[in-house]
Amino acid sequence: MERVFLLLLLVTGSLCTGNYSYLGTGTSLAVCQPDTCALLSEVAATREKLAAMTQTQSTLEQNLSAMMQKMATVEANLQSYKSQADALWKKNQEQEGQLKTLTDTTSASVSKIAFTAALGNTVGPFEHDTPLKYQRILSNLGSGYNPATGIFTAMTRGMYYFSYTMYNNNSGQPNSVVSLMMNSQRVVSTWDTEGNDSHDSATNTAVVQLEAGDSVFVQLYANRVLYDDGYYYNTFSGFLLFTM
C-alpha cells in the first residue's frame, strides 16, 4: 500500500510539472488536480485504516498470547490440584484403614471386661459409709477395677453382671450391712444384724446397664464390720455381658 501511495505521489508531481500542450491552449493542472487530491485523500485514509487494523491485530495477538499463557498456567495449576487431590484421597483411604483397624482393636479390647477381687482382712467399723477395697486381684481383664479405690469404672456402654459375697463379723452380735452401689444409687444389699449365729455369709447379684464412665462398688455402712482372712470369704466380681 505504501508503494501505491508513493507511486500516486510521483504521478501527481509529474502532472503538476509536466507539459500539457497536447491538451490544447489554456489547459492546466487545475483540470486534473481535484480528482487527484480526492484519490490521494482516499489512499491516505485507507492507509490510516490499514495501520489501525494492523495495530488492532497486533493488540489482539498480544492479548491472545497472554490468554494462552494464562490458560497454560491454569492448566498447570489444575494438574497440580488434581495431583494433590489424588494424594489426599490416598492418604484418606490409608487413614480410614488405620481407623478401622484401631476401632476393631478397641472394640475387641473393651468387649473383654471381667474381674474378681477378694478382701483378705477384717474391715470396719468406719464413721461413714465406705467403699470396700478388695486388695487381692484374682482377675482384672480390661483393668476396669481399681484396687486402690475399690471402684469398677465402665469403659463402654453395655449390660454388666455383678456379684459380691459378704461374711459377717464372725463373733458376738452380727453387725454386717453392705450394698452394691451404682454411682450413688443403691442397687442390691445384704444384711445380718440379728441372731446368735455369727458365722453367716450372704451373696447378692445384679445385672445393670452402664454408660461409659459409670462406677460400681460395694459399700460397707457406717459402724458395720466384715470379717475376712486368708480364706477370702468376701469377694467382688463383675463382667460385661454385651455392649449397646
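## Legends to the close-up views

**View A: Thr165 has Thr203 as its bridge partner in strand 9.** Helices (H or I, at least four residues) and strands (E, at least two) are DSSP runs, numbered from the N terminus, and two strands pair if DSSP finds at least two bridges between them. The model shown here is a predicted one, in which local features need pLDDT of at least 70 and side-chain atom pairs count only at pLDDT 80 or more, while totals for chains, interfaces and linings use all residues. Residues are numbered from 1 along each chain as its sequence is written, and side-chain values use heavy atoms, with hydrogens and water left out. Strand 6 and strand 9 are paired in the antiparallel sense through 10 bridges, and strand 6 is also joined to strand 11 (residues 235-243), again antiparallel, by 8 bridges. Across this second pairing, Phe162 has Gly238 of strand 11 as its bridge partner, and Gly158 stands opposite Thr243 in strand 11.

View B: Strands of a sheet pair through backbone hydrogen bonds, in a parallel or an antiparallel way.

**View C: Thr205 is placed in strand 9.** With a relative accessibility of 35%, Thr205 counts as partly exposed. Leaving aside neighbours within four places in sequence, Thr205 is in contact (heavy atoms within 4.5 Å) with Tyr161, Phe162, Ser163 and Val188. Val188 is 17 residues from Thr205 along the chain, and the C-alpha atoms of the two are separated by 7.3 Å.

**View D: A nonpolar patch on the surface is formed by Val207, Phe239, Leu241, Phe242 and Met244.** Patches are made of residues with over 30% relative accessible area and no salt bridge, like charges being joined within 9 Å and nonpolar side chains (Val, Leu, Ile, Met, Phe, Trp, Tyr) within 5 Å. Together the five named residues have about 460 Å² of accessible area, computed by the Shrake-Rupley method with a 1.4 Å probe and, for residues, with only the protein chains shown as cover. Strand 11 supplies the largest share of the patch, 3 residues. Phe239 lies in strand 11 and is partly exposed, at a relative accessible area of 35%.

**View E: Arg157 and Glu211 form one of the 2 salt bridges of the structure.** A salt bridge is a side-chain nitrogen of Lys or Arg within 4 Å of a carboxyl oxygen of Asp or Glu, and in this pair the closest N and O atoms are 2.9 Å apart. The two residues link distant parts of the chain, 54 residues apart: Arg157 belongs to the loop between strand 5 (151-153) and strand 6 (158-167), and Glu211 to the loop between strand 9 (201-210) and strand 10. Arg157 is partly exposed at 33% relative accessible area, and Glu211 is partly exposed at 35%.

**View F: Asp86 and Lys82 meet through their side chains in a salt bridge.** The N to O distance is 3.3 Å, and both residues lie in helix 2 (residues 33-110), 4 residues apart, which is about one turn of the helix. Asp86 is partly exposed with a relative accessible area of 36%, and Lys82 is partly exposed with 48%.

**View G: Gln219 lies in strand 10 (residues 215-220).** At 10% relative accessibility, Gln219 counts as buried. Apart from residues up to four places away in sequence, Gln219 touches Asp129, Thr130, Pro131, Val177, Val178, Ser179 and Met181.

Notes. Buried < 20%, exposed > 50% of the residue type's maximum accessible area, 1.4 Å probe, protein only.
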